[in-house]
Structure formats: structure tokens, C-alpha cells
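Please keep the structure open beside them as you go.

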Amino acid sequence: MDAFFASVEQRDNEAYRGKPLAVGHSEARGVVAAASYEARAFGVYSAMPSLTAKKRCPELIFAPPRFEVYRSVSQQVMSIFLEYTDLVEPLSLDEAFLDVTINHKNMPSASLIAKEIQARIYEQTKLRASAGVSYNKFLAKIASDYNKPNGFFLVRPEDANGFIDSLKIEQFYGVGKVTAKKMHSYGIFSGADLKTKTESDLVRLFGKAGYSYYANSHGIDLRPVEPDRICKSVSAETTFDEDKDSLILLRVELYHIAKELIIRIKKEQFYGRTITLKVKYADFKIITRSKTITRRVADFSDLWEIARELIAQINLSQQSVRLLGLALSNA
């Protein structure tokens, strides 16, 4: 779905249409849960602190999230998917993989199915969706981000190598800012560059993720669409533009991460009992600290109380921190 939460709000409130809109709260410690395309034009994106978003776009409108409405619309969309195939793997409220190799309507073309689904979604919800079509998850996911909003992009098997070669390395799944910077240091800027590296090279440089980078660079992704995929954890993390060595600054960052995590917890309807803090130091060493409680974490106050306890255990005497993350598990 295109800018899902924000698009629902613009659909339901005429005053929001055509204007820069953020779903979230505008208070000092608020976080943007979703941004309309009008807001994105100003550089406003999800997970951004509300104050930063407001600085980038002074006329930004904030709409409080209505998760019950988003879940209801999501169920409408998923119901449409299931009319075509039982092999539907939801990734979130607004995104899913579909395997239509064999489909309920015996349609011979995945492209025709995708376009028909897009039309059905708009007919029933008055919302736009973008579709990516290919022969595996990796390529379909990347294709779905092309030509948004209301986009459609097809990657045929015979076109896959050229398409992958043309990708910026940042477009590969699992390549964030830090990994991209590290890849750049090894002369890897595109899919074509990645393809010049051997599997052993990539594993040596990037650990287990190297196996996926190598396979994806050659158009290989053997993961099946899993309709019964169970959510086992929900997480949120941030890699800093500059390493931080102040506990006070880290607590501020952690607060925003916790805010984002509680949004995802409610979005996924996943309520666990174990909270894990992840810390990556400047030398890329990773440590974790966890705490399990008897009740399920369902609100921000519980999450933040434990997160504060965990970060107080972190030793900053020797190294600064480049990444912080929080995860909830053990439902």
C-alpha cells in the first residue's frame, strides 16, 4: 500500500488531502509513524522525530494514529489477495508476498493478476497500492518500490541480471547506511560491483549476510512464500550518523526507538514478555541485554521503564556507540 496510514487519513478527512501530513504526535518526543507523499517531498519520513519533521516542513499537519481503522482496511486488502491465492505471506498491515504460480482464477499472467488486484483494492478501499512482479521475493520486493505511488514494475527472468547490475547497493535487502558505507570502502557501489565478489569474500567481509548478498547479486532467492509465517518478535533500531559516547544522548535516542517500537507492537498486535536492548559499538562489536517480565508488554510506560534499566547497564568507558536497538519477543 502507498503511504498507507497517511493515505487512509487523507481518504477519510478532506482537510488533509493534497497537504503534507504526518501520522503521529507533534509533541517534543513524538515520532512520525507515516508520512504522505506531500510530506515526503520535504524530506519527512516514518520514524523521524516529530520536531525534525516540523523543522523540515513548518506547515506539516499531524493526525493521531487510528490503528483499528488501519487494521480494518488491511483485512479488506488481505481478503482481496486471498481471492487469488492461498499463498499470501503478510509482512505488515500494508504489505504482503503472493505466490500466484497456481491461482484460484487460473489466470496465466502474474502481471495481469497484480494489475487486477490494484484495481480491486482501489474499487473497495479508494486507496492506491503498488505492485512488484518477479520470480522470487528479492526481486519482487525491490520492484514494488519502483514507480510509486500506484506503481507497477515487472522483472522478467531474462531481464534480472541487467536489472540487478543497475541497482545501487543501498537498494539491496539488508543493506543499511552502515553496511553501504562499508561496501563503498571495498569498491562496491552497485549490483554489478557486488557480483564481482566471490561468496567467500562476502562472507569474510560481512558474516552470514554475505551468503544472501552473493545469492541476491546473482538473482537467487529460494525462500518460499509462507502463508503461516508467525511473528516471533518485533524490533526497531537506529544507526547514528555519528557515534555517540554520552549516556544522556543515548537515552534520548532510545526513547525515540521505544516510541517507534510501541507503534510497531500495536501495528503487529504482538505482545511479548522479553525486551532486548542491542548495542553496536564503534568497532562493530555487538552486545545485548535482556529482561523478561511476567506480564506482556502492551504500553509505552512498561517498555520505556525496562529500556531505561537495560541501557543503564551499558559500559561507555571504552567505546562510543554506533547503533541502538530494542526488540520485544517471547509472546
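1. H12 covers residues 247-268 and H13 residues 300-311, and their axes come within 10 Å and cross at roughly 145 degrees. Axes here are lines fitted to C-alpha atoms, for helices over the stretch in contact, with angles from 0 to 180 degrees between N-to-C directions, while helices (H or I, at least four residues) and strands (E, at least two) are DSSP runs numbered from the N terminus.

2. Please bear in mind that this is a predicted model, in which local features need pLDDT of at least 70 and side-chain atom pairs count only at pLDDT 80 or more, whereas totals for chains, interfaces and linings use all residues. Residues are numbered from 1 along each chain as its sequence is written, and side-chain values use heavy atoms, with hydrogens and water left out.

3. Contact means heavy atoms within 4.5 Å, and among the H12 residues that meet H13 are Leu247, Leu254 and Ile265, with Phe300 and Trp304 among their partners in H13. The residues of this contact divide into 13 nonpolar, no polar and three charged, where Ala, Val, Leu, Ile, Met, Phe, Trp, Tyr, Cys and Pro count as nonpolar, Asp, Glu, Lys and Arg as charged, and the others, Gly among them, as polar.

4. Helix H4 (residues 67-82) and helix H5 (residues 110-125) have axes that come within 10 Å and cross at roughly 145 degrees, and H4 passes H5 in a right-handed crossing. Val73, Gln76, Val77, Ile80 and Phe81 of H4 make the contact with Ile117, Arg120, Ile121, Gln124 and Thr125 of H5, and by class these are six nonpolar, three polar and one charged.

5. How is strand S11 placed, buried or exposed? Eight of the nine residues of S11 (residues 321-329) are buried, so this strand is largely enclosed by the rest of the structure; buried means under 20% relative accessible area, exposed over 50%, and partly exposed in between (1.4 Å probe, protein chains only).

6. S11 runs antiparallel to strand S8 (residues 233-244), with eight bridges joining them, and serine 233 has serine 329 in S11 as its bridge partner. Eight bridges also join S11 to strand S9 (residues 274-281), again antiparallel, and there leucine 277 stands opposite leucine 326. Two strands pair if DSSP finds at least two bridges between them.

Key:
Left-handed = near helix turned anticlockwise from the far one by under 90°.
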